[in-house]
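Work through these exercises with the model open beside you. Try each task before you read its solution.

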Amino acid sequence: MVGRIDGDVAVDSLEGCDAVIVRGIPRGSLEQVIFRVDALHALAVPVVNSPRAIERTIDKFLASALLARAGVPTPRTIACERREDALEAFEALGADVIVKPLFGSMGAGMTRVDDRDVAYRVFHALEIERAVYYLQEALPAGHDLRALVVGGRVLAAIERVGPGWRKNVARDAKARPAELSAEQERVCIEAAEVLDADYAGVDLLGDQVLELNGIPGWHGLQEATGADVAGALVAHVEAVVSGAQPARAAR
């Protein structure tokens, strides 16, 4: 039996499962989110993705730092806490940056800033919120790709097409099947390995990893490519349970 977590689930209700697939960590206070991830750590059965992988992928700064340290190609990124440091980072990154919240998905809260006066106003607003500044250099326009990695292989990939710089299927971008180069596949698989993810959505622009989602949606990818993502994920979990393939966090 395989359990699925996408809401508030008591740990003792999952102990009879052979494995648990995490499909969401609900929003909440810091204590609530930490408690939910701690509950996954407390389980005595395989968890996919593991709480270790979730902790690494849900935090954009930690994910970026680990990917960069491992040599995975990523855009230049600077994170800081002071507004004056953010303004210096804005200039250092070419005065054209994507400002992202540390925690977030589907493009929510992202802003492109390519004007110093606008940067000052945006950073002032973030200062009032006591937010962390996470700035990523804006890359030249290219093919915006999402690859779905399951069990150490790229199952399928799509190109996301739409107006503007922010292309998310959840924000009405269109998905069409894409063929990755051998180098792009290698980079996607390596990124998932670095962050200990059994399955992941890897966002690429060219050969650079923009970010990695450890609890990815796949409706648009599945519709565009016909890939049986759920089937592939269940087959991977069954291999983990049987011992034929270890879970990422155990390797």
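**Exercise 1.** Find which residues of helix α3 are buried, and work out how they are arranged around the helix.

Solution. Start with the list. Helix α3 covers residues 60-69, and Lys 60, Ala 63, Ser 64, Leu 66 and Leu 67 are buried there. Next, look down the axis of α3. The buried residues fall within an arc of 170 degrees, so they line one face of the helix. An α-helix has 3.6 residues a turn, so residues three or four places apart point the same way. Keep in mind that this model is predicted.

**Exercise 2.** Name elements that cover the buried residues of α3, then examine both ends of the helix.

Solution. First, the cover. It includes helices α2 (51-58) and α6 (182-194). Strands β4 (77-80), β7 (133-137) and β12 (208-213) are also among the covering elements. Now go to the N-terminal end. Asp 59 caps α3 there. One of its side-chain oxygens lies 3.0 Å from the backbone nitrogen of Phe 61. Then step just past the helix. Gly 71 takes a positive phi of about 85 degrees.

**Exercise 3.** Compare the span of α6 with the expected one, and describe its packing.

Solution. Count first: α6 has 13 residues. From first C-alpha to last, the helix reaches 18 Å. That is close to the 18 Å expected at 1.5 Å a residue. Next, pick out the buried residues. They are Gln 184, Val 187, Cys 188, Ile 189, Ala 191, Ala 192 and Val 194. These pack against helices α2 and α3. They also pack against strands β8 (144-150), β9 (153-161), β11 (199-205) and β12. Just after α6, Asp 196 takes a positive phi of about 65 degrees.

**Exercise 4.** Are Cys 80 and Cys 188 buried or exposed, and how many disulfides does the model hold?

Solution. The cut-off for buried is under 20% relative accessible area. Cys 80 has 12%, so Cys 80 is buried. Cys 188 has 0%, so Cys 188 is buried. Now test for disulfides. A pair of cysteine sulfur atoms must lie within 2.5 Å. By this rule the count is zero.

How values were computed: Residues are numbered from 1 along each chain as its sequence is written. This is a predicted model: local features need pLDDT of at least 70, side-chain atom pairs count only at pLDDT 80 or more; totals for chains, interfaces and linings use all residues. Side-chain values use heavy atoms; hydrogens and water are left out. Buried means under 20% relative accessible area, exposed over 50%, partly exposed in between (1.4 Å probe, protein chains only). Helices (H or I, at least four residues) and strands (E, at least two) are DSSP runs, numbered from the N terminus. The arc is that of the directions from the helix axis to the C-beta atoms. Contact means heavy atoms within 4.5 Å. A polar contact is a pair of N or O atoms within 3.5 Å; within protein, one must be able to donate a hydrogen and the other to accept it, and residues adjacent in sequence count only if both atoms are side-chain atoms. The expected span of a helix is 1.5 Å times one less than its number of residues.
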